[in-house]
Amino acid sequence: MTPDARSWTVAEAAAHLRRPTAADDKYSRGVVGVRTGSDRYPGAAVLGVEAAHRAGAGMVRYLGPDRATDLVLARRPETVAADGRVQAWVIGSGTDAADRAPHETAALGALLAGEVPVVVDAGALDLVPRRSRQAPVVVTPHGSEHARLRRDAGLAEASGDRVRDAADTAAALGVAVLLKGAETIVATPSGWSRVVTAPTSWLAAAGTGDVLGGVLGAVVAAASAERTLDAEDLGPLAATASLVHGRAAARASALRGGGPITALDVAGAVPLVIGELLSADAGDAAAQRAE
Ligand SMILES: NC(=O)C1=CN([C@@H]2O[C@H](COP(=O)(O)OP(=O)(O)OC[C@H]3O[C@@H](n4cnc5c(N)ncnc54)[C@H](OP(=O)(O)O)[C@@H]3O)[C@@H](O)[C@H]2O)[C@@H](O)CC1
Ligand SMILES: Nc1ncnc2c1ncn2[C@@H]1O[C@H](COP(=O)(O)OP(=O)(O)O)[C@@H](O)[C@H]1O
């Protein structure tokens with residue numbers, strides 16, 4: 001079967017975002033647990049946490065090394081630096097599997113064996129083919145991380161057809177795959193796939209992938225607070241996060257006269273994009289009711 005290379009649309013993304021209601025509280029809106037960053041890459045923790053807040057998490061918990069925790073709290077004192085109830089985990093950004101302590105491997109393995117959805121990035125990708133899993137998982141590799149993930153899983157070398165490759169990895173591992181690039185491919189185990197084209201290549205900057213992890217964590221947590229998710233559900237949510245992320249980059253660049261942006265600039269523009277998508281969605285619904 002030839003995988004589907006259709007683009008994920010703005011209307012579809014808007015329908016996968018959630019506007020809080022008068023019945024909500026910080027827990028029902030979705031709690032993101034971020035277990036990222038290391039002494040070598042503490043910045044990735046700051047970026048993911050910032051992005052999860054900006055993408056509308058009701059609460060963000062951060063668990064990581066002391067220095068990263070201090071930096072996260074200095075940037076976002078709203079963050080809760082303690083374990084507790086979580087509706088989506090983000091793991092791996094800003095870590096290197098080669099430096100991971102055994103207790104951290106055990107803790108990440110327990111998350112994968114649990115029930116809460118997990119966004120797996122960078123230095124935690126090696127655990128996906130190696131640990132027993134029950135949690136619905138979405139992996140977020142870039143090209144070379146995807147090649148390594150396939151090697152770790154004993155899969156054939158990627159063909160170069162990125163849609164087919166992402167779909168094959170998703171089916172083989174039973175996870176949703178978000179393969180990053182100028183064109184981001186999202187695929188699920190059943191063969192569903194979509195393409196999200198970045199509207200600006202200023203997005204190709206260090207740390208923007210860490211921001212994407214936080215946005216995706218918040219989008220998944222909001223959905224997971226409402227209903228039980230599986231790997232299939234994570235595909236549309238991942239495509240939505242990618243579309244929001246790309247539009248935030250374009251918006252951040254436009255605010256700077258079309259010039260370059262940083263990862264924090266992308267996170268800072270996420271609320272504008274989510275606000276626009278939700279009002280466009282509300283406008284469409286009102287127009288349909290009037291018809
Ligand atoms: N502020 C922080 O704390 C930041 C922390 N960060 C954290 O750093 C950790 C390492 O991340 P990293 O993927 O950049 O690994 P790194 O060892 O540099 O590259 C290995 C090789 O991979 C390739 N490659 C790289 N990018 C690619 C791409 N987009 N698409 C395709 N290929 C790509 C490239 O190989 P080449 O193409 O040159 O053959 C390169 O030599 C990770 O935990 C991350 O979260 C970063 O997010 C930055 C901000
Ligand atoms: N040429 C490009 N044009 C637009 N977006 C890109 C391009 N290359 C990469 N991206 C996007 O930039 C982000 C980079 O993420 P990643 O590779 O994880 O970097 P980092 O680890 O530094 O955060 C991804 O969202 C990816 O889709």
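Start by selecting Thr184, which stands opposite Val196 in β8. Before you go on, note that this is a predicted model, where local features need pLDDT of at least 70, side-chain atom pairs count only at pLDDT 80 or more, and totals for chains, interfaces and linings use all residues. Residues are numbered from 1 along each chain as its sequence is written, while chains are lettered from A and ligands numbered from 1 in the order in which they are written.

A word on labels: helices (H or I, at least four residues) and strands (E, at least two) are DSSP runs, numbered from the N terminus. Two strands pair if DSSP finds at least two bridges between them.

**Stop 1**

Color residues 183–187, which make up strand β7.

β7 and β8 pair in the antiparallel sense over 5 bridges. On to β6, residues 176–179, which pairs with β7 in the antiparallel sense over 3 bridges. Pick Leu178 and you'll find that its bridge partner in β7 is Val186. β6 and β7 form a hairpin too, with 3 residues between them.

**Stop 2: the whole sheet**

Show every strand in the order β2-β1-β3-β4-β5-β6-β7-β8: that's an open sheet of 8 strands with mixed pairing. Which strands stand at the edges? They are β2 (59–62) and β8 (193–197), each with a single partner strand, so one side of each has no neighbour in the sheet. Zoom in on β3 (residues 88–91) and β4 (residues 118–120), which run parallel and are joined by 3 bridges. Ile91 has Val120 as its bridge partner in β4.

**Stop 3**

Select α8, residues 208–224. This helix lies across β1 (31–35), β3, β4 and β5 (137–139), running at about 165° to β3. (Axes are lines fitted to C-alpha atoms, for helices over the stretch in contact, and angles run from 0 to 180 degrees between N-to-C directions.)

Next, pick Val215 and Val219: of the 92 residues in the largest nonpolar core, these two touch the most other members. Such a core is a set of buried Ala, Val, Leu, Ile, Met, Phe, Trp, Tyr and Cys residues joined through C-beta atoms within 7 Å. Helix α9 (residues 231–254) gives the largest share of this core, 11 residues.

**Stop 4: the two ligands**

Click on ligand 1. How many residues surround it? There are 16, and the closest are Tyr41, Gly43, Ala122, His142 and Gly143. (A residue counts as near a molecule or strand if its C-beta atom, placed from the backbone, lies within 6 Å of it.) α2 (42–54), α6 (143–152) and α8 each give two or more residues to this shell.

Finally, go to ligand 2, which is surrounded by 16 residues, the closest being Ala182, Ala198, Ser201, Ala204 and Gly209. Here α8 gives the most to the shell, with 4 residues.

Note on methods: Contact = placed C-beta atoms within 7 Å. Buried ≥ 20, exposed ≤ 12 C-beta atoms within 10 Å, placed from the backbone.
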